[in-house]
Amino acid sequence: MIVTIQKPLDELLNFISPYKKVMVVGCDGCTQPPRGIREAKVLAQLLELGGKLRNKEFELKAHTLVKQCDSHLTAAALKEMLNGNAEAVLSLACGLGPQTIARLYPALPVFPAQNTVFLGAEEREEGNIEERCAACGDCILGLTGGICPISRCAKSLLNGPCGGSQNGKCEIGQDRDCAWALIIERLGRLGKLQNLEVIQPPKNYGVVKRPAKISP
Amino acid sequence: MAPEESSTWVEEIEQVIDEASGKVYLPPCQVACPIGENIKRTNALLALLPLDPEKARQQIIKIGDEIYEKNPLFTICGYICGLCERDCNFKDFTGAIRRRMLKRFISDYYVPHLDTEPTLPAPKGEKVAVVGGGPGGLMCAYMLSQKGYRVTILERNPELGGALRYIPSYRLPTKVIDGTLNNLVRIAHIKVEFGVKMGDGGKTLDGLMKEGYKAIFVATGTPNPRPLTFEMKPVAGGDLEGVIFGLNLLYDANQRNVSPHLFDGKRVIVVGGGNVAFDVARTARRLGGDVSLVCLECEDKSCRDGIPADVEEIEGATDEGIKIIYSRGVNEIIGKDGKFAKIRCPRCTCVFDEKGFNPKFDKSDDTYLEGDVLLVTIGQGMERAFFQQEGLLNEQGRIDVDPTTLMSNLKKGVFIGGDVRRIGFAAEAMREGSEAAESIDRYIRGGNLKSGRVKEYKKATTPKSDHYKPQPELAWLPVEERLNFELFEKGFTLEEAVAEARRCLCCGPCRSCKACISLGLRPSVAKINVDENLCIRCGNCVYLCPYEAPTLVSPGLVKIDLDKCHGCGICAAMCPAFALDIENWERERISALISQLAAEMASPKVLVFRCQWTALPPLDGDFTKNARVIDLPCAAKVETYHILEALQQGVDGVLVAACPEEDCKRGRGSRQAKHSVTALQEKLKQMGYGDRIHFCTVKPRHPEIFNQELAQFIERISTILVKGK
């Protein structure tokens with residue numbers, strides 16, 4: 001899922017302060033933590049309270065969309081919601097949401113409420129969301145026992161570990177596992193330690209031509 | 001909806017059938033209890049006792065009334081039975097909930113109360129005889145009397161109680177037995193004939209039938225002590241002076257028929273490794289003896305040949321200076337001048353084999369133990385002659401009954417149960433009494449004796465918790481103060497009982513408990529409504545629920561198993577799509593309440609969201625001008641949405657009061673509430689409202705702590721408002 005964190009509320013107040021009628025739009029898609037109707041309403045409530053102390057009266061409306069990155073779905077739903085009663089939109093989606101809306105409504109100001117940070121998986125028992133995929137375009141999980149060194153090793157090493165690996169932890173912080181220590185442990189369990197005897201050539205980051213695009 | 005406002009009490013609790021397996025779904029303690037007491041419910045009721053001691057006393061009596069309906073001997077069980085604790089889910093974490101002590105706590109209020117209980121209307125139905133006034137017989141008599149039968153108990157001794165009268169009074173006080181049993185027969189109109197001899201020229205079962213009894217329950221127990229044997233042969237020397245059956249000593253000691261200095265200066269040897277042998281050893285110690293106990297079994301309780309007595313007995317005996325000699329048998333009792341002098345003890349190499357009890361010895365390794373008194377306590381048996389005369393034994397010499405109905409296969413209308421059928425715990429004999437009563441009722445009314453009686457059970461698992469509180473230690477008098485026949489275990493105080501009852505995680509379904517409903521905490525059993533049009537399948541509810549009630553499997557929407565749900569509302573409070581709502585605390589209902597309360601208050605207006613399990617009374621009068629409380633089933637049910645709504649509606653400050661994390665009834669509710677409120681506070685700070693909300697934990701049942709928090713918060717909000725002007 002795409003992981004986002006909310007921007008400081010002052011920044012959001014600044015975004016919307018030139019307007020009165022603002023629509024806060026959540027996204028029920030893959031964003032994590034979920035940014036659905038509850039978060040949209042709560043954000044509208046917070047901004048309204050904040051505006052009040054700053055002598056600014058907003059008319060905030062909260063809605064949510066199935067997935068803001070889908071221009072077709074978003075166009076259909078948003079048309080009904082906007083219906084001429086919003087001067088600006090605040091999007092709780094990842095970076096894709098505001099862009100979709102901007103493209104659909106060239107004259108409507110749209111602002112991101114979230115900073116998009118990484119592709120992550122959730123370790124729910126601990127409540128952490130951790131980066132697990134770098135969208136590199138050439139997946140090597142098949143060789144590394146299902147553990148991604150590109151996103152989980154601080155140096156994105158292909159032939160780890162490095163000398164900074166100590167007791168299974170990474171030298172950049174004791175709270176971070178060494179991805180290569182995990183890989184070795186896992187390959188051991190799978191009886192596939194021989195995978196490590198092959199030296200991996202430097203990764204071709206040019207596999208994906210940026211800006212990337214796939215066609216049907 | 002605080003606990004003390006409750007007016008209603010008994011709810012019809014339901015039997016919950018697990019849909020997948022068709023089994024009765026219950027907490028493991030209730031499955032383990034031979035009587036099937038509603039343990040979880042009484043624990044919850046105790047956990048929420050009113051603060052006022054007199055009101056608490058009345059509530060405890062009401063709880064006792066409820067238990068009494070199922071188990072009129074519970075006041076005794078509270079001293080001697082802990083079968084439910086063996087299966088408690090908490091056992092694997094920090095030790096079982098001390099249910100026996102909780103029941104004893106109720107017992108100590110209830111036994112004196114029994115004297116004031118009115119006698120029930122006299123039954124007018126057919127006559128039934130119960131032979132034997134022990135736990136099994138009494139239970140049967142009570143249940144039959146409840147069903148309208150005229151019951152007569154025929155008891156050989158001059159008092160009721162049977163095997164209960166062998167339990168030393170330092171464990172089970174005589175006044176508890178007397179108070180319970182005398183009131184039981186009085187309340188239920190049970191006729192008792194004492195000193196009745198059965199067989200050998202006494203009464204016969206046919207004779208009883210001729211007297212007009214339509215059915216007979218025989219629960220004569222195992223009053224005959226078993227003599228010492230070695231390799232299937234009796235050990236000679238049992239007739240020497242100083243060789244006594246332990247069981248007889250226990251009876252005499254309880255009757256105060258022996259001098260308290262009976263064994264002063266004497267070396268006493270007890271043979272046997274069961275709980276009764278330990279009762280005998282500890283009784284002998286209290287009578288002045290220097291006591292050793294010899295048993296076949298080894299010290300390691302975890303192995304097949306381990307000593308059968310309870311750990312508590314072994315510890316208690318050891319503390320009292322009793323020496324335990326493990327893995328030794330007795331193959332010779334040696335006397336001198338007609339008096340007991342010593343026993344010869346070969347080493348026991350193996351107690352049980354595939355066939356069962358079949359001890360093996362190494363005779364080359366033997367030792368002699370010298371003493372003045374030998375107390376033999378290696379088991380006991382039934383009065384075989386009577387059962388033979390009555391033709392109740394099969395060819396193998398065993399009592400021949402149907403195991404479900406307990407009716408004799410050899411004599412119609414005669415039912416047999418309790419220790420005489422299979423030696424066990426008092427509660428097990430009581431269950432047989434209760435089962436026999438059911439059979440007798442069906443038999444007399446001409447119904448099918450068996451249909452629908454055998455039930456299978458599914459045991460509930462433990463709810464997740466962040467804090468498993470430690471089991472409280474049992475409080476025993478120190479050895480130097482307890483070597484007498486006064487009760488040596490201290491009962492729970494009111495505070496201790498509530499604390500221990502709160503520790504119970506209330507495993508199992510709400511429908512078979514309903515304590516919260518009885519106390520007025522909620523109007524109906526917890527129900528989560530899922531709006532499938534709104535669910536976005538994020539799975540938040542699945543991981544937040546401490547009870548594993550929600551499931552989400554692709555393709556599909558979230559499903560909530562309401563027999564697992566405890567109605568805390570964490571899922572509803574955290575659902576990002578507003579798809580979940582908890583009945584009676586619906587989002588819109590709380591919004592409406594907020595508007596109403598906001599309009600009622602005078603500035604500074606303070607709204608409190610409070611967990612019901614803090615068990616706090618309604619707001620003190622001093623606070624009602626400026627504050628209002630919304631009681632929630634768990635602090636984690638507080639929604640940031642509602643807090644903000646309150647501020648928007650003109651409330652000046654919002655206080656969230658939760659139980660401390662280690663005291664959270666929902667396992668992780670308090671932590672979740674703190675997390676939500678702190679995160680919101682951070683955001684409100686950016687908007688300039690950081691001081692308007694406050695999360696606090698308040699000690700349950702301590703209104704002074706809550707009041708202090710509230711007073712400080714109102715003060716703080718006041719100051720902010722003044723500054724703002």
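This is a predicted model: local features need pLDDT of at least 70, side-chain atom pairs count only at pLDDT 80 or more; totals for chains, interfaces and linings use all residues.
I began with a helix pair in chain A: the axes of α1(A) and α2(A) come within 11 Å and cross at roughly 75°.

Which residues meet where α1(A) packs on α2(A)? I found L9(A), L12(A), L13(A) and I16(A) on the α1(A) side. On the α2(A) side I listed L46(A), L47(A) and G50(A). Sorted by class, the residues of this contact are six nonpolar, one polar and no charged.

Next I checked the length of α2(A). At 1.5 Å a residue, its 17 residues should span 24 Å, and I get 25 Å between the end C-alpha atoms, which agrees. The expected figure uses one less than the number of residues. I also looked at burial: α2(A) is mostly covered, with 13 of its 17 residues buried. Following α2(A) comes N55(A), and I noted its positive phi, near 55°.

**Entry: where chain A touches chain B**

I then turned to the contact of the two chains, to which chain A gives 18 residues and chain B gives 18 residues. Which elements of chain A give two or more residues to that side? They are α1 (9-16) and α2 (37-53), the helices of my opening entry. The largest share, eleven residues, comes from α2(A). By class, I get eight nonpolar, three polar and seven charged residues on the side of chain A that touches chain B.

**Entry: chain A as a whole**

I count six helices and nine strands in chain A. Is the chain compact or spread out? Its radius of gyration is 22 Å, well over the 17 Å that the globule rule gives for 216 residues, so chain A is more spread out than a compact globule. The C-alpha trace spans about 65 × 45 × 25 Å along its principal axes. Of the 216 residues, 31% count as buried. I also looked at contacts between residues at least 6 apart in sequence: in chain A, 58% of them join residues at least 24 apart.

**Entry: chain B as a whole**

For chain B I noted 23 helices and 29 strands. Its C-alpha trace spans about 105 × 60 × 55 Å along the principal axes. Of its 725 residues, 49% count as buried. Among contacts in chain B between residues at least 6 apart in sequence, 72% join residues at least 24 apart.

**Entry: helix α2 of chain B**

Why do I call α2(B) largely enclosed by the rest of the structure? Nine of the nine residues of this helix, residues 39-47, are buried. Among them are I39(B), K40(B), R41(B) and N43(B). I looked up what the buried residues of α2(B) pack against, and the partners in chain B include α3 (53-70), α6 (99-114) and α16 (494-503).

**Entry: G134(B)**

Last, I visited G134(B), which sits in the loop between β2 (127-131) and α7 (135-146) of chain B. I find 30 C-beta neighbours inside 10 Å, so G134(B) counts as buried; the cut-off is 20 or more. Leaving out residues up to four places away in sequence, I see that G134(B) touches residues including G161(B), A163(B), A219(B), G418(B) and A429(B). I also checked P34(B): it lies 100 residues from G134(B) in sequence and 16 Å away in space, C-alpha to C-alpha.

Notes
Residues are numbered from 1 along each chain as its sequence is written. Chains are lettered from A and ligands numbered from 1 in the order in which they are written. Two residues are in contact if their C-beta atoms, placed from the backbone, lie within 7 Å. Helices (H or I, at least four residues) and strands (E, at least two) are DSSP runs, numbered from the N terminus. Ala, Val, Leu, Ile, Met, Phe, Trp, Tyr, Cys and Pro count as nonpolar, Asp, Glu, Lys and Arg as charged, and the others, Gly among them, as polar. Axes are lines fitted to C-alpha atoms, for helices over the stretch in contact, and angles run from 0 to 180 degrees between N-to-C directions. A residue is buried if 20 or more other C-beta atoms lie within 10 Å of its own, exposed if 12 or fewer, and partly exposed in between; C-beta atoms are placed from the backbone. The radius of gyration is taken over C-alpha atoms; the globule rule is 2.2 Å times the number of residues to the power 0.38.
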